[in-house]
Amino acid sequence: MTVEIRRERPEDFSSVEKLTRDAFWNQYAPGCIEHYLTHILRDCPAFLPELDLIAEADGEPVGSLIAVKGVIVCDNGKRREVVTLGPLAVAPAFQRQGIGGMLLSAVKQEAQAHGYDALFLCGDPAYYCRHGFVPAENFGIRTAENNYAAALQVCELRDGALHDAAGCYSEGASYQVDEAAAEAFDRQFPPLEKRSGTPSQERFLELVSMQRPAD
């Protein structure tokens, strides 16, 4: 199988939203909202089209990674603009074949080329540590609620990029999803069974609990 990484185009939108729905369905909660999130992020002011990538195999999108601007409000009073990644989605039939890693590698190169200093995301450290991400806590960076969170991961794109960047990171209001709107959007797709208590949902709850207030 030959996989090409390229920028997303408007004609990819519906296919990407479907594969994102398939990838996230019942992963973190019964059903999912990530396909709707992908849909609305493209129109938000913080959207970074130059970092909006897909993986294509045999002429069809099989993976997707979207990016927007985030910000660190630093303890020293400065504001640092960074890149927020996600959702990262790979179609179920193509998972565990390295496609997610290919997308992450490509977005690092593109972000460096466009002058960005660091990538942030919320995800499972067990996966993202294999792709150059480390806990944001290593740099004294907390969530917007001023908590250290195991799921908050960062990748510096140049040495010392996050020196003196301790502070509170915000992914932005674009990630605050209206659940009613997400449900309405989901009705455009064929119905799928919603299930609870999956192992991935249990892992998600475990990660959510792995937070502590900053001292």
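Me: Contact means heavy atoms within 4.5 Å. On that basis, what do the buried residues of helix 6 pack against?

Reply: The buried residues of helix 6 pack against helix 4 (125-128). Helices are DSSP runs of H or I with at least four residues, strands are E runs of at least two, and both are numbered from the N terminus. This is a predicted model, in which local features need pLDDT of at least 70 and side-chain atom pairs pLDDT 80 or more, while totals for chains, interfaces and linings use all residues. Residues are numbered from 1 along each chain as its sequence is written, and side-chain values use heavy atoms, without hydrogens and water.

Me: Which residues of helix 6 are buried?

Reply: Helix 6 (residues 199-209) buries Ser200, Gln201 and Leu207, where buried is under 20% relative accessible area and exposed over 50%, with partly exposed in between (1.4 Å probe, protein chains only). Their arc around the axis is only 120°, so they lie on the same side of helix 6; the arc is taken from the directions from the helix axis to the C-beta atoms.

Me: And which exposed residues sit on the face turned away from that buried side?

Reply: That face of helix 6 carries Pro199, Glu202, Leu205 and Ser209.

Me: Which residues of helix 5 are buried, then?

Reply: In helix 5 (residues 179-186), Ala182, Phe185 and Asp186 are buried. These residues span an arc of only 100° around the axis, and therefore share the same side of helix 5. Their cover includes helix 1 and helix 2 (34-41).

Me: What caps the N-terminal end of helix 5?

Reply: Asp178 does, with a side-chain oxygen 2.9 Å from the backbone nitrogen of Ala180.

Me: Changing topic: how many residues of strand 4 are buried?

Reply: Ten of the twelve residues of strand 4 (residues 79-90) are buried. Strand 4 runs antiparallel to strand 3 (residues 60-74), joined by ten bridges, and Gly63 stands opposite Val90. Pairing requires at least two DSSP bridges between two strands.

Me: What lies between strand 3 and strand 4?

Reply: Four residues separate the two strands of this hairpin, and Gly77 in the turn has a positive phi of about 95°.

Me: How do strand 4 and strand 5 run, parallel or antiparallel?

Reply: Strand 4 and strand 5 (residues 118-122) run parallel and are joined by two bridges, with Thr84 standing opposite Phe120.

Me: Last one: is Asp12 buried or exposed?

Reply: Asp12 counts as buried because its relative accessibility is 5%. Asp12 lies in the loop between strand 1 (3-7) and helix 1 (13-24). Not counting residues up to four places away in sequence, Asp12 touches Arg6, Arg7, Ile54 and Pro61.

Key. Polar contact = N/O pair within 3.5 Å; in protein donor to acceptor, adjacent residues only side chain to side chain.
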